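Let's take a friendly walk through this protein, from its overall layout down to a few charged side chains. Please have the sequence and the 3D view at hand.

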Amino acid sequence: MELNVLSQHENALKFRALRNQVLSANIANADTPGYKARDLDFDAALKNATGKGVRLMATSDGHIGTGKATLTSEQLRYRVPTQPTLDGNTVETDVEQAAFAENALMYRASLAFLDGKIRTLRFALKGGD
């Protein structure tokens, strides 16, 4: 049961890293004419990784799941700009930077939470100290 919690955090970290890549690409292309900003629907991606998709068959209850971080077209969506530019670029730098900062913070929080879970398991295995 505890391993399931760890695998959820592993998937969250993978998708946060993928979202950072998408947001970085948006920021890098802020001046590219016709570039359409995209974003990862984090909730849909995580639900897909934990609820649906191809899974390896486990032959024992002790086997750990192997949820892989992959993107589908439903999870990677175009942003709707509040002020589109004349050249067709939909990147709004302030929005992208704020989303990137929030995602980076959430990534660090997931890492800290995972670290806490691992420390708790270590503590339990050692029997204290």
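## Overall layout

What percentage of the 129 residues of the protein count as buried? In this predicted model, the buried share is 26% of the 129 residues. The accessible surface of the protein is about 8,900 Å², and carbon and sulfur atoms account for 58% of that surface.

The secondary structure consists of three helices and two strands.

## Helix 3

Helix 3 covers residues 93-126, which makes 34 residues. From the first C-alpha to the last, helix 3 reaches 49 Å, close to the 50 Å expected at 1.5 Å a residue. After helix 3 comes Gly127, with a positive phi near 80°.

Which residues of helix 3 are buried? They are Glu96, Ala99, Asn103, Ala104, Ser110 and Leu114. Keep Glu96 in mind, as this residue returns below in a salt-bridge network.

How many salt bridges does a search of the whole structure find? The search finds five salt bridges. One is formed by Lys14 and Glu10, whose closest N and O atoms are 3.2 Å apart.

Both Lys14 and Glu10 belong to helix 1 (residues 2-28), where they are four residues apart, about one turn of the helix. An α-helix has 3.6 residues a turn, so residues three or four places apart point the same way. Side chains of opposite charge can pair when their charged atoms come close.

## Asp39 and its partners

Asp39 forms a salt bridge with Arg19, and here the closest N and O atoms are 2.8 Å apart. Asp39 sits in strand 1 (residues 38-40) and Arg19 in helix 1, so this pair ties together parts that are 20 residues apart in sequence. Both Asp39 and Arg19 are buried.

Asp39 also meets the side chain of Arg79 in a salt bridge, at 3.0 Å from N to O. This pair links distant parts of the chain, 40 residues apart: Arg79 is in the loop between strand 2 (76-78) and helix 3, while Asp39 is in strand 1. Salt bridges with shared partners join Arg19, Asp39, Arg79 and Glu96 into one network.

## Around the strands

For a look at a residue with another setting, turn to Gln21, which is located in helix 1. Gln21 counts as exposed because its relative accessibility is 55%, over the 50% cut-off.

Where does Arg38 lie relative to Tyr78? Arg38 lies over the face of Tyr78, at 4.2 Å from the ring centre. As for pairs of aromatic rings, the count is zero.

Conventions. Residues are numbered from 1 along each chain as its sequence is written. This is a predicted model: local features need pLDDT of at least 70, side-chain atom pairs count only at pLDDT 80 or more; totals for chains, interfaces and linings use all residues. Side-chain values use heavy atoms; hydrogens and water are left out. The expected span of a helix is 1.5 Å times one less than its number of residues. Buried means under 20% relative accessible area, exposed over 50%, partly exposed in between (1.4 Å probe, protein chains only). Accessible areas come from the Shrake-Rupley method with a 1.4 Å probe; for residues, only the protein chains shown count as cover. Rings of Phe, Tyr and Trp (its six-membered ring) pair if their centres lie within 6.5 Å; planes under 30 degrees apart count as stacked, over 60 as edge-to-face and the rest as tilted. A charge sits over a ring if NZ of Lys or CZ of Arg is within 6 Å of the ring centre and within 35 degrees of the ring normal. A salt bridge is a side-chain nitrogen of Lys or Arg within 4 Å of a carboxyl oxygen of Asp or Glu.
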